Amino acid sequence: MNVPAAWYLVLAAILFGIGGFGFLTRRSALIMFMCVELMLNAVNLTFVTFARTLGDIGGQATVFFVMVVAAAEVTVGLGIVVAVFRRRTSTSVDELSELKG
Amino acid sequence: MAHVTTLLLLLPLLGFAFVLLNGKNMNESQIGYVATGVVGLSFVASVVTFVLLLHRSDRQVTVHLFNWIDVGTLHVPAAMLVDPLSITMCLFVTGISTLIHLYSISYMHGEKDYKKFFLYLNLFVFSMLTLVLANNLVFTFVGWEGVGVCSYWLVSYYFDRDSASSAGKKAFIYNRVGDVGLLLAMFLLFSRTGTLNYLGVFQKAGSLSPTVATLVVLALLLAATGKSAQIPLFNWLPDAMEGPTPVSALIHAATMVTAGVYLLVRMSPVLALSSSGRLTIAIIGGVTAFVAATIATSQKDIKKVLAFSTVSQIGYMVLAVGVGAYAAAIFLMVSHAFFKALLFLGSGSVIHSLNGEQDLRKMGALQRFLPLTFPTFLIGWLTISGIPPFAGFWSKGDVLTNVFAHDKPLWVLGVVTAILTAYYMSRLFVLTFRGTERFREVTHGHDPHESAWLMTLPLVVLAVLSVLGGVLDLPWIHHNSLAGFLSSTFGYVAPIGAQSTLSQWGLAIVDVAAALVGLAAAFSIWRSRSEDERLTPPFLEHVWYWDDFYDATIGRPLERVAHFSDTVVEEEVIDGAVMGIAGGIHRSAEGVRKIQSGFVRHYALAMALGIAVIVVYLVARAG
C-alpha cells in the first residue's frame, strides 16, 4: 500500500502544532521539553518524507544530526530540570526568575 | 648696553623667583631686604642705562630678547625700546619702588602674609618695567595686564576683609573695561599698518585716515581712563585704598596709575593726527581734575583725600597730553610721583602711629609727636599746593602755561582746580597735624610715636626730591632739561605760541595766588573745627553719586537680567527641557516595559508569531 506524501506532511504539521501548543501553554519544564521533542520529530518526519519523495539522501542524513543534537540537548536540559527540582520541589518555569534583571 | 637693560628688566623678576622658591628658608627681614635689593640694583641698572644712552647720538636703542609670536605677517618680539621716554619712566619707577620697598620692610612688619606682599611687589615692578620698556603694543599689553593683576592682588591683600576683596574686584573690572580700549587700538593699528611695533606704527602713521586715527586715539583714551582712573572709569581708585599704604603709594599714586598717561605720550605721533581726539583727551583730563578735586574737599578718610587728589593730578597730566604738552605731562608725572609717594608714605606713618586709624576727625595736633613725618609731610603739602620753589609749582605751572596757550576755558578750570587742590590739601594738613588733639581715644591715652628709621628715611629722600624736583625742567632752560631730553621721542610738539616772559610771569603769579587763596581758606575754616556738614556736602562726600549712577544704570539692570536667567531661563527653560526629555523617556519606557513579562511562553509565542509573519510574507511573495 502506498501512502501519499501529503499524509505524512499533514501528520507532521499536526504533531508540530500539538508540540507548539503544549510549549506555549504548559508551565512544567519537563512537559515543555517533551513538547520541544515533539516539534523536533515533526520536523524530522517532514525531512524523511521529502527525502523519500525527492530521492535525496541528504534529508535522511539531516535527521540523524537533529536526533543527535536533540539527544545532547535533552541530556543537558533534563540535568538542569532535575537540579532545579531538587532545590525547589517545583519545575514551573514561571517561578524561575532569580536571574531577572 | 643690551646686558644692562636686560638686567634692569629682569632683576625684579629674579627677586620674585628667588623669594618664591626660597622663601620658606628665609625670615621676614631677609625676604624684605632681598626684595628691596633687587629693585635697588634695578635702579642702578637704570642709571647706568641712562648714562649710556646719553652718550649715544641717536638716543634710541632696541634690545631684542627673543621672538615671541611669529605667525604669518604678525611678528611680535619680546624686545625693549630704550629711548628718553622709557628711561625716564624706568628711573623714577625703580627709584621710587626702592624707597617704598624699604619703607614696607618696617610698615608690613608682623603681617601674616609678609612674603606674599613682597612677591607681588617685585612682580609689580617687573610688570611696570615691561610696560614702559616694551617696543611694541603687545609686549606693553603684557606689562599692562601684569600691573593690573598685581594691583588686584595687593588691593585685596587683606582678603579676609569683605571691603578689601570687593575693592580688588572693582579695580579689576574697571581696568578690564579700559583694556578693551587698548585691544581695540591694537586691532585697528594692526589692520591699517600691519605692525604693532611702536617705531613701525609711527613710520606708517601718516597713511592712517583721520577717522581711523581718531578712533585709535579714542580707544587709547579709553584704555588710559581705565588704568589712570579718569572719568568715566575713575572711581575704582579711591576704593583701591583698601590695600596697604605702601601699595597705595607705589601703585595707586606714583607708578601704575600713570601708565595710561605714559601710553598716550608714547603714542604721541598717532595723537598728532587727530585734533578732535586730542581735544577729547584734554576735556576728559580737565573735567576729571576738577571733579576729583571737589570730591577730595569732602572726604573724611586721609587716604581717600589723597586718592582723589591723585585722580585730580593725573587729570592734569591727561589735560597736558590733550594740549600736546607731552613733556609737561611727564614732568608732572615724575614730580607727582615724588610728592604723592611722600604724602602717602607720610599718611602711612601717621596711620601707623595711630594704630591704624584713618579718619581725619580722630587726628589733630600730631605735629609735636611726629618730628620727622611732620616736616616731610609739610614739604609734600606745600609741593602739591603749588607753592614755589617746590617741584609742584614748576610742573603744574608748566602744564597750566601750555593749557593757557591752547584753550582758555580749560585753563580756567585748571586754575580753579589748583585753588581746590591747595584747599583740600591744607584741610588735610590742618586736620592731621594742627588744631586740637582728637586721637586719645584711638591710642588709649598714649602719645603717638614716630615710626622706625626704615620708614622715615624714604620720607626724607622723597621730601628732598620734592623740593629739588623742579630743577628737572625749569622754564628758562627748557632745551637742556627734561623737555629737551624727551623732545626727540614725540612726533609732534605743540608750538607753545608766542608766550612772552611777561605772560609767563603773569601765569606764575596767578598760580601762586590760586595756591595761597586755597591755603588761606582752608586754614581759616579748619583750624578750629574737625567737621562741618555744610562744607562737606553729601553730594561731594558720596563722589557725586557716581557709584549709585552706575549701580542704577548698569548694576541693577544686569542684576535683573541675571535674576531672570536664574529663575526663568535656568529653572524653566534649561531645566525644563532636560527634565522634560528625561520624563518623556521614562514614561514611554513604563509603557514598553509591559512587553517584558518574564514568562517564557510569551516570548515563545512572540517568536512563533514572528516566524509565521515571515513565512506568510515569503509565501505571498513567491505566490
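Predicted model: local features only at pLDDT ≥ 70, side-chain atom pairs only at ≥ 80, totals over all residues.

Now take the pair. Helix α11 of chain B covers residues 259-266, and helix α14 of chain B covers residues 302-322. Two values describe such a pair: the angle between the axes and the distance between the axes. Here the axes come within 10 Å. They cross at roughly 5 degrees. So α11(B) and α14(B) are roughly parallel to each other.

Which residues of the two helices meet? From α11(B) come Val261(B), Leu264(B) and Val265(B). From α14(B) come Ile314(B), Met317(B), Val318(B) and Val321(B). Sort the residues of this contact by type and you get seven nonpolar, no polar and no charged.

Stay in α11(B) for one more residue. Tyr262(B) sits in this helix. Is Tyr262(B) buried or exposed? The cut-off for buried is 20 or more other C-beta atoms within 10 Å. Tyr262(B) has 27, so Tyr262(B) is buried. Leave out residues up to four places away in sequence, and Tyr262(B) touches Met89(B) and Val132(B). Gly623(B) is 361 residues from Tyr262(B) in sequence. In space, the C-alpha atoms of Tyr262(B) and Gly623(B) are 95 Å apart.

Next, another helix of chain B. Helix α2 of chain B runs over residues 28-54, which makes 27 residues. How far apart should its ends be, at 1.5 Å a residue? The span should be 39 Å, and the end C-alpha atoms are 39 Å apart, so the two values agree.

Helix α2(B) also has a buried set. Among the buried residues are Ile31(B), Val38(B), Val39(B), Phe43(B) and Leu53(B). The set also includes Gly32(B), Thr36(B), Ser42(B), Ser46(B) and Thr49(B). What do the buried residues of α2(B) pack against? Their partners in chain B are the helices α1 (2-22), α3 (84-107) and α4 (114-133), along with the strand β2 (74-82).

Now the loops of chain B. Two peptide bonds there deserve a look. The bond that joins Ile231(B) and Pro232(B) is cis, with omega about 10 degrees. Pro232(B) lies in the loop between α8 (210-227) and α9 (236-239) of chain B. The bond from Pro388(B) to Pro389(B) is cis too, with omega near 5 degrees. Find Pro389(B) in the loop between α16 (373-385) and α17 (391-406) of chain B.

Trp544(B) is not a glycine, yet its phi is positive, about 55 degrees. Tyr545(B) is not a glycine either, and it has a positive phi of about 55 degrees. Trp544(B) is in the loop between α23 (538-541) and α24 (546-593) of chain B. Tyr545(B) is placed in the loop between α23 and α24 of chain B. How exposed are they? Trp544(B) has 16 C-beta neighbours inside 10 Å, so Trp544(B) counts as partly exposed. Tyr545(B) has 13 C-beta neighbours inside 10 Å, so Tyr545(B) counts as partly exposed.

Last, the partner chain. Chain A has three helices and zero strands. Along the sequence, the pattern is α-α-α. The C-alpha trace of chain A spans about 50 × 30 × 25 Å along its principal axes. What radius of gyration would a compact globule of 101 residues have? The value would be near 13 Å, but chain A has 17 Å. Of the 101 residues in chain A, 10% count as buried. Take the contacts in chain A with a separation of 6 or more: 51% of them join residues 24 or more positions apart.

One residue gives a sense of scale. Gly77(A) is in helix α3 of chain A, residues 58-88. With 17 C-beta neighbours inside 10 Å, Gly77(A) counts as partly exposed. Arg27(A) is 50 residues from Gly77(A) in sequence, and their C-alpha atoms are 15 Å apart.

Finally, where the chains meet, eight residues of chain A are in contact with seven residues of chain B. On the chain A side, they divide into three nonpolar, three polar and two charged.

Technical notes. Residues numbered from 1 in each chain as written. Chains lettered and ligands numbered in written order. Helix = DSSP H or I, 4+ residues; strand = E, 2+ residues; numbered from the N terminus. Expected span 1.5 Å × (residues − 1). Buried ≥ 20, exposed ≤ 12 C-beta atoms within 10 Å, placed from the backbone. Axes fitted to C-alpha atoms, helices over the stretch in contact; angles between N-to-C directions. Parallel < 35°, antiparallel > 145°, perpendicular 65-115°, else oblique. Nonpolar A, V, L, I, M, F, W, Y, C, P; charged D, E, K, R; others polar. Rg over C-alpha atoms; globule rule 2.2 N^0.38 Å.
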